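Have the model open as you read along.

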Amino acid sequence: MKNEPYQEIQVISRNTFEGYYIARNKGMKIPLERHEHFETVITIKNNFIHTVNGISFRPEVGDVVILRPQDYHAAYPIDESAEHICCDIYIEPKLFKEACDYISPTLFVRIMTAKNPPSFHLSESELKSFEESIDFSYLYAMAKDYEVYKSVIRIVACSLIGLYVKKSFEKEKPLPECLTKLLINLQHNFSGKTNISETAREVGYTPDYLNRLFKEHFGKSIEQYIIERRIYDSLTLLLQTDMSVNEISQKMGWECTGNYINHFKKIYNVTPAKYRKELTNKMV
């Protein structure tokens, strides 16, 4: 594939649907932005300082960061005459969640509710092994239609998430069985009212004990977790349909649209309508 200039960024290779590309950047600042999809950034040659949610860092070669839809990201060159090469992979929220659920029913929750986006490091041999196991040039040559493309992205997402789990969760204490069971029960009931007392009885504990245990592991109450998940799930309707904000809020279980808007603003710092407009304009 021929090198393709993109403003000051030279795209070395990309797939048909622009869900993946390797880019060479020399001296171009990337302004503060937030993406519709999950964006995985793999540093191949470093010359950038990255800022994510207000925290700046300089990644090393082999560092991997999986930026979530709620994360703010910017980058600027250290040396404007030196090049920066990275591999960017974009994964739709729905496909990312499917990949997480395939690995563990609690994984998506842990990633979305964590303070910082997932990150890990690949050694030179691990990076080479990853590139060999996911033959992008071959896989994306198969992407003749959207269904095949989704299958390809699922493979890539599972590989990345699997590496993250291996790197990040090996030393962590596993969740208590009651919390795992709770999350599985809640997984299918975010769009309506959830009776926490009834759910607690189903897993064999009192609501107070279960909520206290939940806070210890996730840093928030069960109710707040449910609200945040409903907000995350509403993004698909907001960005991929023409439904009004009022229709979306009702479908996601809010009796008052104002409550949906207020909760949305707490997470994204903008109203749902403005969030939709910003991303729609960006994609035009």
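How many bridges join S6 to strand S9 (residues 73-77)? There are 5, and S6 and S9 run antiparallel. Among these pairings, Phe48 has Pro77 in S9 as its bridge partner.

A word on the basis: this is a predicted model, where local features need pLDDT of at least 70, side-chain atom pairs count only at pLDDT 80 or more, and totals for chains, interfaces and linings use all residues. Residues are numbered from 1 along each chain as its sequence is written, and side-chain values use heavy atoms, leaving out hydrogens and water.

Strands here are DSSP runs of E with at least two residues, numbered from the N terminus, and two of them pair if DSSP finds at least two bridges between them. S6 and S9 belong to an open sheet of 4 strands, ordered S4-S9-S6-S7 with antiparallel pairing. At its edges lie strand S4 (30-33) and strand S7 (55-57), each pairing on one side only.

Within strand S6 (residues 48-52) sits Thr51. Thr51 is buried, at a relative accessible area of 17% (buried means under 20%, with a 1.4 Å probe and protein chains only). Its contacts (heavy atoms within 4.5 Å) include Ser56 and Tyr72, not counting residues up to four places away in sequence.

Strand S5 (residues 38-45) is mostly covered, with 6 of its 8 residues buried. Its two pairings are listed here:

Notes
Buried < 20%, exposed > 50% of the residue type's maximum accessible area, 1.4 Å probe, protein only.
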